[in-house]
Protein chains: 2
Amino acid sequence: MSPSLLIDNIGQLVTNDPTVGCGPLGLVEDAALVLGDGVVQWAGPRHAVPQAAALERLDAEGRAVIPGFVDSHGHLVFAGDRTAEFSARMSGRPYTAGGIATTVTATRAATSNDLGLTVDRLLAEGLRSGTTTMECKSGYGLTVPDEQRSLRIAAERTDEVTYLGAHVVAPEYAGRADEYVDLVCGAMLEACAPHARWIDVFCERGAFDGDQTRQILRAGVARGLVPRVHANQLGHGPGVQLAVEFGAASADHATHLTDEDVAALASGTTVATLLPAAEFSTRATYPDARRLLDAGVTVALAADCNPGSSYTTNMPFCIAVAVRDLRMTPDEAVWSATLGGARALRRSDVGHLGVGARADAVLLDAPSHVHLAYRPGVPLVAAVWRAGVRMPTAVPLS
Amino acid sequence: MSPSLLIDNIGQLVTNDPTVGCGPLGLVEDAALVLGDGVVQWAGPRHAVPQAAALERLDAEGRAVIPGFVDSHGHLVFAGDRTAEFSARMSGRPYTAGGIATTVTATRAATSNDLGLTVDRLLAEGLRSGTTTMECKSGYGLTVPDEQRSLRIAAERTDEVTYLGAHVVAPEYAGRADEYVDLVCGAMLEACAPHARWIDVFCERGAFDGDQTRQILRAGVARGLVPRVHANQLGHGPGVQLAVEFGAASADHATHLTDEDVAALASGTTVATLLPAAEFSTRATYPDARRLLDAGVTVALAADCNPGSSYTTNMPFCIAVAVRDLRMTPDEAVWSATLGGARALRRSDVGHLGVGARADAVLLDAPSHVHLAYRPGVPLVAAVWRAGVRMPTAVPLS
């Protein structure tokens with residue numbers, strides 16, 4: 001053990017480890033945290049901190065420390081701007097320009113360097129607000145080379161990479177969706193699989209139906225990818241049930257659910273990943289987190305960063321909306337944005353601050369994690385460590 | 001004219017001056033802004049910028065510049081914490097502890113130094129998110145000396161100070177509301193008036209009724225204070241009509257309105273100040289901004305920072321919620337958070353960037369003011385000037 005940093009005098013420490021502290025959050029008051037060799041060396045009450053001297057000591061002065069956020073759903077590889085589309089939608093004006101197709105056109109036209117700079121910018125922005133793990137999907141290329149380069153760019157920069165050739169049918173395949181599905185399952189999959197861990201499908205009316213989703217997931221699994229599904233965002237459909245059937249890590253959105261959908265999630269290992277910033281930014285109906293939680297479903301929160309329907313990287317904002325409008329408690333929302341996200345990515349090393357976890361920690365300029373919902377919109381992330389290394393943040397301590 | 005700073009290469013400049021640019025926002029694309037002697041020296045298209053050399057030039061690199069936010073409703077002089085009350089409320093658990101009374105007890109017990117530090121902290125926090133004018137009320141003292149010192153502390157630090165002895169009936173006057181009203185109109189007013197510009201009343205069931213509100217406003221006006229009213233927040237009532245009757249600068253909250261209330265506001269000069277973060281943080285019904293705007297009412301947006309029902313200083317957050325849930329357009333919300341707030345404070349020198357205005361400007365790390373709603377929760381305020389002086393901010397430019 002080589003302890004490099006003792007964070008001392010923590011008013012409230014969220015470990016998400018029930019063996020360390022109280023309740024699901026593993027909450028410890030008047031706590032200390034020891035980071036070293038990139039992992040958590042020790043977490044617990046201050047009076048019991050081991051005597052081995054850390055190289056450095058930081059006095060949290062009674063502030064709260066939580067695990068870094070695990071944002072398990074992001075579409076970061078894109079080009080172009082959809083400000084006008086957003087403004088028109090929120091002003092009640094019709095906007096017929098092409099939605100995802102707009103971004104596809106801009107993304108194909110962009111240089112790889114520019115695409116990489118956008119991913120860098122969004123990852124840095126997320127990191128400043130406490131996100132230490134971020135998933136990243138392709139899905140704005142929709143040709144073999146454009147999907148492949150999107151994944152390569154993502155893989156160079158993020159922890160978790162998802163092949164989403166099945167985002168929508170590529171425009172040049174309009175009216176020939178089954179041919180596009182064959183491409184997604186064939187040459188495109190071959191080119192993309194080496195760069196990705198996950199395969200994802202937008203299973204929705206207007207995107208891919210149940211049979212197409214099944215075909216794509218099956219091909220991805222055969223190629224060694226692990227499934228996750230965009231499911232039941234805009235209406236009822238087979239997405240959630242298919243996700244459970246395939247043992248997907250996560251069914252994302254999960255907004256329009258039947259009792260059978262909820263029962264399927266509760267009976268399986270598939271996490272329901274809720275993306276409230278998407279409903280916020282489209283004035284859509286929010287998912288009912290309470291119903292899922294009360295049924296025993298594991299719930300994650302993610303930001304769904306994308307230029308069309310949810311252009312945010314800010315997990316504290318997602319927590320505040322989840323508490324207000326999804327009827328999660330502040331404790332549940334913080335858990336879902338950290339360990340919930342880790343479950344949705346099948347990661348045991350992030351999302352908590354138990355001994356041996358990656359040393360991803362966030363110091364809040366607040367005495368409690370509850371302030372993330374209690375103080376909506378206020379930047380409270382004062383310091384972020386990833387793998388024990390302090391990252392640049394922006395909020396001066398008060 | 002002594003120009004000290006040229007902000008050049010502004011992608012979109014919101015001046016709120018229709019003589020300078022397009023529409024109510026006075027929007028100029030490819031713009032420049034010259035600040036000097038603490039005021040706006042020039043604003044307009046870049047190609048027409050006057051040749052007199054500024055001492056300093058800042059290249060906005062295509063980003064947007066807007067006027068500093070004018071937050072016309074804040075309760076910043078308080079002590080104590082209500083995290084547990086918030087958490088219980090949002091978790092559906094009953095919480096019977098005393099709401100405002102909790103804060104009154106803590107505020108009375110606090111040292112003036114500690115109260116001042118809290119105001120300083122919240123003003124600095126607001127400033128970092130672009131708020132360059134902030135109103136501040138008393139109302140957690142509720143004794144003559146405690147109200148007086150609250151206002152003195154506020155007046156030392158903020159632009160606009162409001163006497164709100166009539167926040168609730170002081171606990172020691174329980175059952176003797178009329179005696180408390182006499183105090184508010186008598187000795188307390190005498191002690192407080194020298195420190196305040198405004199008088200405010202919480203006109204609501206459980207606080208002060210129509211007759212009491214009338215008595216208090218009349219006394220305040222006689223003492224030279226200008227009225228503003230907490231009106232129609234929790235239910236229908238006489239607040240809005242009284243505000244218009246008294247020619248109040250603003251009726252704040254304005255959530256539960258009859259057609260007569262809307263007509264009264266439309267016929268008078270009283271601004272309707274909407275406080276969506278309060279409804280956000282209490283899961284209450286949002287006010288209907290669309291109805292007010294369509295009737296021709298002037299609408300302001302403010303943060304209502306207070307430890308009980310809206311513990312935020314963040315105007316971009318209020319804009320995002322106003323667009324999503326109050327059905328304001330992004331343009332309307334930005335106007336209401338800047339010039340709308342100035343109207344609610346009867347200030348002609350702030351809230352816009354016309355020539356001669358106080359040089360309160362905000363550089364966004366975004367190409368458009370629409371991003372304040374399009375990118376919810378993301379800290380976008382990259383630089384703030386107040387009276388031409390650059391203030392500390394926290395967002396590194398991407």
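## A bridge pair in chain A

A:Ala231 has A:His253, in S11(A), as its bridge partner. This is a predicted model. The two strands behind that pair are S10 (residues 226-231) and S11 (residues 250-253) of chain A. They run parallel and are joined by three bridges.

## The sheet of chain A

S10 and S11 belong to an open sheet of eight strands in chain A. Its order is S6-S7-S8-S9-S10-S11-S12-S13, with parallel pairing. The edges are held by strand S6 (69-71) and strand S13 (299-301) of chain A. Each has a single partner strand, so one side of each lacks a neighbour in the sheet. From one strand to the next, the twist averages 25°.

## The sheet of chain B

Chain B also has an open sheet of eight strands, in the order S6-S7-S8-S9-S10-S11-S12-S13. The pairing is parallel. At the edges stand strand S6 (69-71) and strand S13 (299-301) of chain B. Each of these has a single partner strand, so one side of each has no neighbour in the sheet. Neighbouring strands are turned by 25° against each other on average, direction ignored.

## The interface: extent

Contact involves 46 residues of chain B and 46 residues of chain A. The two chains bury about 4,000 Å² between them. Carbon and sulfur atoms carry 59% of that area. In chain B, B:Arg283, B:Arg324 and B:Tyr374 lose the most area to chain A. Together they account for 21% of what that side buries.

## The interface: contacts and make-up

Two salt bridges are found across the interface. The side chains of B:Arg375 and A:Glu125 meet in a salt bridge, at 2.7 Å from N to O. Polar contacts link 28 residue pairs between chain B and chain A, both residues at pLDDT 80 or more.

Several helices of chain B each supply at least two residues to the side that touches chain A. They are H1 (83-90), H3 (112-128), H10 (276-282), H12 (315-325) and H14 (371-374). H12(B) gives the largest share, six residues. By class, this side of chain B has 23 nonpolar, 12 polar and 11 charged residues.

Terms used. Residues numbered from 1 in each chain as written. Chains lettered and ligands numbered in written order. Predicted model: local features only at pLDDT ≥ 70, side-chain atom pairs only at ≥ 80, totals over all residues. Heavy atoms only, no water. Pairing = 2+ DSSP bridges. Helix = DSSP H or I, 4+ residues; strand = E, 2+ residues; numbered from the N terminus. Axes fitted to C-alpha atoms, helices over the stretch in contact; angles between N-to-C directions. Contact = heavy atoms within 4.5 Å. Buried area = accessible area lost by both parts, 1.4 Å probe. Salt bridge = Lys/Arg side-chain N within 4 Å of Asp/Glu carboxyl O. Polar contact = N/O pair within 3.5 Å; in protein donor to acceptor, adjacent residues only side chain to side chain. Nonpolar A, V, L, I, M, F, W, Y, C, P; charged D, E, K, R; others polar.
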